[in-house]
Structure formats: structure tokens, C-alpha cells
Amino acid sequence: MLRIRPATLEDLSTLGTVLAPLPLFQAYQLSAEAMTQRLQGALQRGENLLVAEWEGAPVGVCWFITRGAFANGSYLRIVAVKEELQGKRIGTRLLQAYEAGSDNPPGGWFLLASDFNEGAHRFYARHGYRAVGHLPGFSSRGITERIYWKRRPTAG
Ligand SMILES: CC(C)(COP(=O)(O)OP(=O)(O)OC[C@H]1O[C@@H](n2cnc3c(N)ncnc32)[C@H](O)[C@@H]1OP(=O)(O)O)[C@@H](O)C(=O)NCCC(=O)NCCS
């Protein structure tokens, strides 16, 4: 059974080990240790870190900062699911948890996706995100990030 819950320190080395080998993170040469350290930093700073637990084991993560975009939008730093379990809607559940856990941001929901990550582009488009700009070399030299944005629905 799938459960989405707040991450604890005990989850982080497993998450680092299962997520660092994903082709996306390999493009940024991220090791399991470096991934684990980044997640530890997020917890230590009190940022939002949710884990997807499948049959008792951590298999996915969602890391976000509720006003991390332009001070009035929410910013998703990472959503990722263990390779063998992708395509089973775990990512959808994590994205929904990001949106629901963002305290209704006036500026909506933001995230970045590498321009080569076509699977992620389809995933975000399906969930109502639009590509609104580019950041060449933002995270790594030679890789352009696409800025994705989902507006908050207007009342009425
Ligand atoms: C993107 C990601 C979080 C989606 O989670 P998921 O649990 O696989 O997605 P869901 O099952 O909820 O939705 C399936 C949709 O996700 C997209 N998708 C992206 N990568 C996919 C993959 N490897 N396998 C299956 N679907 C993938 C597709 O749009 C797919 O729909 P389609 O099969 O009709 O094309 C996940 O595939 C993942 O961790 N990818 C690697 C890390 C990554 O790219 N993260 C996003 C960084 S910006």
C-alpha cells in the first residue's frame, strides 16, 4: 500500500540510494551521498519533505518550499520516484501532496524541469503546468531548465 507522509532522518539514506541512480540525477553527477546530504539539509532547514512509502519502504520523495518562488508562489525542488515503480501514479500522488501542502499560494505553483526530461514535461503538462520560460545553465553548465507554472484557480 502507498502512503505519503513527512520524511524523517531515517528515510534519507534509503532515498539517496534509490533515487541517485535515476538518469536525471546522473546527468547532474549526483551521488547517493550527495543526494542524501541535500535531503538532510532540507529537513534541517525545516523545508517540506514528503516521502512515498510503498510496502513499508521509502520509494519516492517530494521536496518543496511553500513561498520559495518570488515570495508568493510555491516552489517544488524535487519530485522523484524509484525507477522500477515509475508509471504507477506515485508521482501524481506526490505532486498532489505538493499542491495541497503549499498553503494556497497566491502566486501558484512553480518548478523547474531539465529541457531534456521529456517524460517530466508530459507529466507536468498533464497536471496543468505550463512552460513559461527558460534558465540556461541554472543548475549545471550546459543544461537549460524550463520554468513550469500552475496558476491558482480564480474564484467564481
Ligand atoms: C516524473 C515522475 C516523478 C513521475 O512519477 P510517476 O509515478 O512515474 O508518474 P505517474 O505514474 O503519476 O504518471 C505517469 C506519467 O508520468 C510521466 N513520466 C515521466 N517519466 C516516466 C517514467 N519513467 N515512467 C512512466 N511515466 C513517466 C509520463 O507523462 C507518464 O504518463 P504517460 O505514460 O502517459 O506518458 C517519475 O517518473 C520520476 O521520478 N522520474 C525521474 C525523476 C524526474 O524526472 N523527476 C522530475 C524532475 S523535474
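Modeller: From the N terminus on, the elements of this protein follow the order β-α-α-α-β-β-β-α-β-α-β-β. Helices (H or I, at least four residues) and strands (E, at least two) are DSSP runs, numbered from the N terminus. The model is predicted: local features need pLDDT of at least 70, side-chain atom pairs count only at pLDDT 80 or more, and totals for chains, interfaces and linings use all residues. Residues are numbered from 1 along each chain as its sequence is written.

Colleague: How many helices and strands does the protein have?

Modeller: The secondary structure comprises five helices and seven strands.

Colleague: At what angle do helix α1 and helix α3 pack?

Modeller: Axes are lines fitted to C-alpha atoms, for helices over the stretch in contact, and angles run from 0 to 180 degrees between N-to-C directions. Here α1 (residues 12–19) and α3 (residues 32–44) pack at about 135°, and their axes are 8 Å apart. The α1 helix is therefore oblique to α3 (under 35 degrees is roughly parallel, over 145 roughly antiparallel, 65 to 115 roughly perpendicular, and the rest oblique).

Colleague: Which residues surround the ligand?

Modeller: A residue is near a molecule if its C-beta atom, placed from the backbone, lies within 6 Å of it. The ligand has 19 residues around it, the closest being Q86, G87, G91, G119 and R122. Strand β4 (73–81) and helices α4 (90–100) and α5 (118–126) each supply at least two residues of this shell, and α5 gives the largest share, five residues.
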